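My entries follow in the order I made them.

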Amino acid sequence: NQRARKENNNEARPMPAAANRNGGKAEPIPATNDPGYVIGPQDVLNISVWKEPELSRTVPVRPYGKISLPLLHDIQAAGLTPMGLALPIKERLRKYLADPQVTVIVTEINSQRIYILGEVTRAGAYSLLPNMTVLQALSSAGGFLEFADQKNIHILRNENGRQVKFLFNYKEVVKGRRLEQNIVLKSGDTIVVP
C-alpha cells in the first residue's frame, strides 16, 4: 500500500507518526513498503533496536551515503535495502548486545527525484514514487499553462553516460492511443513541457 504524501511547494512532507496500540511512543510510517527499495543519499531512516531505546533513532542518510549510530559510528547505508542495512547493524551490535533485533524503516524518500520543467503550473523537483509514469508525474505539476505544447513533451534520461530523449504526446495518451509513450520513470528523469 502506498501512503498518500502531501505535496506543498513541490516538496514532500513527512507524514505524522501513528500512535501504537499501547498509546505509548509513536510508530514510524514507512514511505515505501517495497522490500527491494534501495536506500539513497538524503533518505530518512528509522533504526529500531528492540528493547534498546537509547540505540533506536531516526537518522538522515548523509550525501556520501552513510549514517551515524550510537556505539557504531558511521555505517554505509546508500546502495542497500532496509533489510540489507539491518544485517550489518545487527552484526556490529553483537559486540554490545547478546541477540540484537534490528528493524530499518525508510520514513522519507528524498533520494529518488524527478524534475518537471517548462509550461506547467508547478515546475520543480518531485519525489519519484514506485512505478510512477509520465502521466502520473505530470498530474503532480498542477496542469499545463496556456501555451504548453502538449503534443511535444519529452523526457530526458541519462543512460550509460549519454542523454536519451523519449517523446510524449499528452493528447494521444489521454485518449488511450500510443500508450507505450507513458513510460515508467527512473530517478533523475527530467520531463520538459515546451
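The entries below go from confidence to sheets, then to a hairpin, a cavity and a pocket.

**Ground rules.** I am reading a predicted model, in which local features need pLDDT of at least 70 and side-chain atom pairs count only at pLDDT 80 or more, while totals for chains, interfaces and linings use all residues. I count residues from 1 along each chain as its sequence is written, and side-chain values use heavy atoms, with hydrogens and water left out.

**Confidence.** I looked up pLDDT, the predictor's confidence in each residue from 0 to 100. The protein averages 87, and 87% of the residues score at least 70. Residues 1-24 stay under 50. For that stretch the model has 42 contacts beyond four places in sequence, a contact being heavy atoms within 4.5 Å. I leave the stretch there, because coordinates at low pLDDT should not be read in detail.

I take helices (H or I, at least four residues) and strands (E, at least two) as DSSP runs, numbered from the N terminus. Two strands pair if DSSP finds at least two bridges between them. I found six bridges between S5 and S9, and Ser48 has Thr103 in S9 as its bridge partner.

**Five-stranded sheet.** I then traced an open sheet of five strands, ordered S11-S10-S14-S12-S13, with mixed pairing. Strand S11 (124-127) and strand S13 (162-168) are its edge strands, each pairing on one side only. Strand S10 (residues 113-118) runs antiparallel to S11, joined by four bridges. Arg113 has Ser127 in S11 as its bridge partner.

**Hairpin.** Strand S7 (residues 66-69) and strand S8 (residues 73-76) run antiparallel with four bridges. I noted Ser68 opposite Asp74 in S8. Three residues lie between the strands of this hairpin, where Leu71 takes a positive phi near 75 degrees.

**Cavity.** On a 1 Å grid over the protein atoms alone, a cavity is a set of points where a 1.4 Å probe fits but cannot get out; a pocket is an open set with protein on both sides within 12 Å along at least five of seven lines; lining residues have an atom within 4 Å of a point. I found one cavity of 30 Å³ or more. Its lining includes Ile47, Leu55, Leu69 and Ile89. Strand S5 (44-49) and H1 each supply at least two lining residues. Which classes make up the lining of the largest cavity? It has eight nonpolar, no polar and no charged residues.

**Pocket.** The second largest pocket has a volume of about 210 Å³, the space filled by probe spheres set on grid points that are joined across faces, edges and corners. Helix H1 (82-93) and strand S9 (102-108) each give at least two residues to its lining. Among the lining residues are Pro30, Asp34, Met83 and Val104. The lining divides into eight nonpolar, two polar and one charged; Ala, Val, Leu, Ile, Met, Phe, Trp, Tyr, Cys and Pro count as nonpolar, Asp, Glu, Lys and Arg as charged, and the others, Gly among them, as polar.
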